[in-house]
Amino acid sequence: MGLCLGIESTAHTFGVGIVSFDGRILANSKDQFTTTKGGMVPNDVARHHEEVKERVLMDAFSRAGVSWEDIDVIALSASPGLPPALHVGLRFAKELSRAHKKPLVAVNHSIAHLAIGDLITGAKDPVYLYVSGPNTQIIGLAGGKYRVFGETVDLGLGNMLDKFAREIGLGFPGGPKIEKLAMKSSNYIELPYSVKGMDVSFAGMLTKALRLFEQGCSKEDLCYSLQETAFAMLAEISERAMAHTGKGELLLIGGVAANKRLCAMLDVMCSERGAKFYAVPLEYSGDQGAMIAWQGVLQYLAGERRSPEELDISPYERIDDVEVFWK
Ligand code: ATP
Ligand code: FE2
């Protein structure tokens, strides 16, 4: 059985996954850049990736119990992402391809999030709610492309949570810390609920929550209220996307999918309309190499092969720029 080795380096996580052509995940090693204060500085992230890359690669091989001889193809997460971080992955993939004479494929990181979700949950043709740091999108496959039916017009949900957390001194990443504090409150403070058609906006609620924090509102109440407001907005547009497209499944994907309250709200909405709700488990919902390896398998089996000279990064590629040739 063939194997693909996937390299992830678009943002905070450096990851290496090894996945078989029939979808068995043999390894999913990673190391995440974190800070206790402040956000992500692209050059610091790149330095982190340089420091950990060899160790993460070795860890993946030892967990999978395989060697270079067993690998058929290397997949790189080539878009979108922070240019300095993407360059670390690009150089590494080229080096490894030349040293071990393996073909390359270039994967869109966002599409890889969707593909690993399908693999892990068995969803067939879902509406995807993709919520990560920078991204908040409602996506579905239509006419050979992943179409974005609705999205945030300003901040991504994760970035909004991270910014709020940073401003109130919780450190990075903020999402999990906000989730914990939110569990300690059930006191809802009204924040701007902003849905326009299929799009959402988070900037207003962030500004308002920060102002209320300065005025002395408790962290717990504000974390709770931010979650309740933002998640209800997403439930509303997810439901509308399912109604418009006639799709009967919702798949929650991206780093924020780790949030239990968000899952619970979407699950209730889906069961009320007789739809299936799937959430991708923690290990596969955030950034990691296994998703890149699996998307690499799909593209390789559909005929993609690149030489190191043909491999490049596209920091700003959108999901609907990509022609879906592997389905
Ligand atoms: P992308 O993959 O779109 O480039 P990304 O690199 O930011 O985005 P992810 O790992 O998918 O990557 O998402 C990270 C985000 O998820 C961060 O903003 C983080 O705060 C958020 N997050 C992680 N766990 C939770 C949680 N339990 N609740 C809310 N947010 C969370
Ligand atoms: Fe991601």
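Buried means under 20% relative accessible area, exposed over 50%, and partly exposed in between, with a 1.4 Å probe and protein chains only. This is a predicted model: local features need pLDDT of at least 70, side-chain atom pairs count only at pLDDT 80 or more, and totals for chains, interfaces and linings use all residues. Residues are numbered from 1 along each chain as its sequence is written, chains are lettered from A and ligands numbered from 1 in the order in which they are written, and side-chain values use heavy atoms, with hydrogens and water left out.

**View 1. The loop at A258.** A258 sits in the loop between β11 (249–253) and α8 (260–272). Helices (H or I, at least four residues) and strands (E, at least two) are DSSP runs, numbered from the N terminus. A258 counts as partly exposed, because its relative accessibility is 29%.

**View 2. Protein donors of the iron ion (ligand 2).** H109 (NE2), H113 (NE2) and D287 (OD) are the protein donors, at 1.9 to 2.2 Å from the iron ion. Donors are N, O and S atoms within 2.8 Å of the metal (3.2 Å for Na, K and Ca); water is not among the atoms, so sites may look incomplete. Along the chain, the donors follow the spacing H-x3-H-x173-D. H109 lies in helix α3 (residues 109–121) and D287 in the loop between α9 (282–285) and α10 (289–301), so the pair ties together parts 178 residues apart in sequence. H109 is buried, at a relative accessible area of 5%. D287 is buried too, at 12%.

**View 3. Angles at the iron ion (ligand 2).** The 4 donor atoms subtend angles of 90 to 142°, so the arrangement is irregular. Four donors count as tetrahedral if all angles lie between 85 and 135 degrees; four count as square planar and six as octahedral if opposite donors are over 155 degrees apart and all others between 65 and 115; anything else is irregular.

**View 4. The shell around ligand 1.** Of the 24 residues around ligand 1, H109, Y130, S132, N135 and D162 come nearest. A residue is near a molecule or strand if one of its heavy atoms lies within 4 Å of it. Helices α3, α4 (157–167) and α5 (174–182) each supply at least two shell residues. α5 gives the most, with 4. The shell divides into 8 nonpolar, 13 polar and 3 charged residues. Here Ala, Val, Leu, Ile, Met, Phe, Trp, Tyr, Cys and Pro count as nonpolar, Asp, Glu, Lys and Arg as charged, and the others, Gly among them, as polar.

**View 5. Polar atoms facing ligand 1.** A side-chain N or O atom of D162 is 2.7 Å from an oxygen atom of ligand 1. For E179, a polar side-chain atom lies 2.8 Å from a nitrogen atom of the ligand. H12 places a polar side-chain atom 3.3 Å from a ligand oxygen. The protein covers 91% of the 650 Å² of accessible area that ligand 1 has on its own; areas come from the Shrake-Rupley method with a 1.4 Å probe, and for residues only the protein chains shown count as cover.

**View 6. The F172–P173 peptide.** A cis peptide bond joins F172 and P173, with omega about -5°. P173 lies in the loop between α4 and α5.

Methods:
A polar contact is a pair of N or O atoms within 3.5 Å; within protein, one must be able to donate a hydrogen and the other to accept it, and residues adjacent in sequence count only if both atoms are side-chain atoms.
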